[in-house]
Amino acid sequence: MKNTALITGASEGLGKSFAIEMAKKGIDLVLVALPESGLPHLANYLRQNFDCQVFCIEIDLTLPHSAAAVFDRLDVHQLSVNILINNAGLGNWSWFEEKSIDFYRAQIDLNITNTVMLTRLFLHHINKHLPNYILNVGSLGGHFIVPKKQVYGATKSFVGYFTRCLQMELIGTNVHVSLLSPGGINTKPELLVMNNNLKGFAKATILEADVVAREAIEGLFKMRKEIIPGFANRLLLIIDKLIPAFLKELIIRRNLRAVLSV
Amino acid sequence: MIEAGYNKYIKVLVTGASGFIGRKLCLTLAEMGYQVVGLCRNINHPFLIQHRNIQFIKGDVMDELSLQKAMKDCTGVYHTAAMAKMWCRNEQDFYDINVVGTRNVLECALNLGVNRVVHTSTCGVWGPTLNLPVAEDDPRAVGFPISYERTKYLAELEVRNYVKKGLDVVIVNPSRVYGDGPITDSNTVSKMVTGYIKGTWHFIPGKGTQVANYVFVDDVVNGQISAMQNGLIGERYILGGEDVSFNGFFKTLRELTGKKRRLYKVPLKLIKAYSVIEHFKSKLFGLTPFFLPEFADRLKFNQQYNSGKAIKELNYRITPFAVGLSKTIHHFQKNT
């Protein structure tokens, strides 16, 4: 059977890179993204340039029935997928009181609720006699306490916990689950401006989306439990494990003061 | 050339008047009878072409007052000023000149009620080709490690913003530009051609099969002028030329110059290693690097672009590579 991957948040950033890297491997695609996000252009580009079929679903995944609607669409078109990439997510870089309650609801619905529901529906959808893969996009931030990322980091910690649990539950089955924990990625234009100003080690932790996607897909097919792209990021995690908690808090507070004084 | 009369008293601004494209654009517009205002930081710059229809105004895209002065009474603006080098000492210059500079030009044009701005971008906003030549609606397939490409992409986002605010802007995206003109840091093709003629250029990257798209400078100028007249608001147009491999490039050079030079094929891994040394050299000592890692990585990819949209909608024409290159060689042989 030919592999088919369902990728959420596929029109931009890391999701787009997942789509391109999968297409390069000749894997068929079901791409999910918001309406008016340029998805049909991307789909056309992939169909023309690579040997793969591409099916588009334009839908807002923060709405309550969207996850079910995605799999309904697959059934209607008699499509089956065996790879799920839970990539769609909403980030923030702001003090807690700066964002509205609606923003946090949408963020939690997209990053948590939607990931859980799609995974649940995927496990029901697949043929468990054949190999299946799930890639959940967490964040290196899920390992650290990062101020101004309070809700985002918490949702990614959720994804981490959820993924590790599933990995245990699914031992001995044909379903493999990987957790991707990337550091900073040059994706959105706003980030391009922000990351433009970084220097030294901080710059080394920022990777290009295509590099992250390539490492992630390679790790997924090698059935790695957690994928941390980039040497600097792996180093960061090791250092983090070695430093005692009180020292870490001190470092974060000092840096926070620098942020506050700007 | 007989100067056309029907464009008399139509005033247009060209930013970056001393640039590789800007200087020829000024001349062509002047020959067409337009009253051209050329904005440049140094009005005695040796690359400027003098013409009685061109008035050079000292200014800078970072200086809003100079922009207002230069843009006064202009019906159209050609924005070609950019930091187009591979490397500059202060990395922030790329952002300031390409993004903030573009924003300044657009803001000024909006305030002064300019009819149309033609923004000169680059095919670098798409970057490498994965399989088929890239067209306007295609997505970018890789990240933005190259500062020039990143900031030119951000400049396009500024343009989109101003189109929403009601400003009429058309974007043109030239590919790798070559032609008669000064040999500058931003023009690698001129360096390869003059280096080959002089016998100082000795290498071909990798197997020489990497393909890039080369556009003759006169075609770019015609495309820009046509975009001003016939382009659709907010649209982008690739102004490309022929797709040529390095091997093809040097083969054509050999045939046209009649000079046989020994060229060595340098493995990409060696180029990458050398570029890393150059990178540290520039970081540690602030010396101008000959080559950088992000460009070495790019040598793995083709860069092919499809000019079909401009051909159809702008009546754009491509000068065959051999013809354009022969004109370029003539120019260098006459001027060295």
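**Exercise 1.** In this predicted model, determine what area is buried between chain B and chain A, and which residues of chain B lose the most.

*Solution.* The area buried between chain B and chain A is about 1,700 Å². Carbon and sulfur atoms contribute 57% of that area. On the side of chain B, the greatest losses to chain A fall on B:Leu130, B:Pro139 and B:Arg150, which together account for 27% of what that side buries.

**Exercise 2.** Describe which residues and helices form the contact.

*Solution.* Begin with the residue counts: chain B provides 20 residues and chain A provides 16 residues. Next, consider the polar pairs: five residue pairs are in polar contact across the interface, both partners being at pLDDT 80 or more, while the rule finds zero salt bridges. Then turn to the helices of chain B: helix 3 (92-112) and helix 4 (147-164) each supply at least two residues of the side that touches chain A. Helix 4 gives the most, with five residues. Finally, sort that side of chain B by class: eleven residues are nonpolar, four polar and five charged.

**Exercise 3.** Identify the largest nonpolar core and examine the contacts of A:Leu31.

*Solution.* The largest nonpolar core has 38 residues. Those with the most contacts inside this core include A:Phe18, A:Leu31 and A:Leu180. Among the elements of chain A that give two or more residues to this core are strand 1 (4-8), helix 1 (13-24) and helix 8 (209-221). Leaving aside neighbours within four places in sequence, A:Leu31 is in contact with residues including A:Ile7, A:Leu46 and A:Phe55. Another core, of 32 residues, lies apart from the largest one and includes B:Phe56 and B:Val172.

Technical notes:
Residues numbered from 1 in each chain as written. Chains lettered and ligands numbered in written order. Predicted model: local features only at pLDDT ≥ 70, side-chain atom pairs only at ≥ 80, totals over all residues. Heavy atoms only, no water. Contact = heavy atoms within 4.5 Å. Buried area = accessible area lost by both parts, 1.4 Å probe. Salt bridge = Lys/Arg side-chain N within 4 Å of Asp/Glu carboxyl O. Polar contact = N/O pair within 3.5 Å; in protein donor to acceptor, adjacent residues only side chain to side chain. Helix = DSSP H or I, 4+ residues; strand = E, 2+ residues; numbered from the N terminus. Nonpolar A, V, L, I, M, F, W, Y, C, P; charged D, E, K, R; others polar. Core = buried A, V, L, I, M, F, W, Y, C linked by side-chain atoms within 4.5 Å. Buried < 20%, exposed > 50% of the residue type's maximum accessible area, 1.4 Å probe, protein only.
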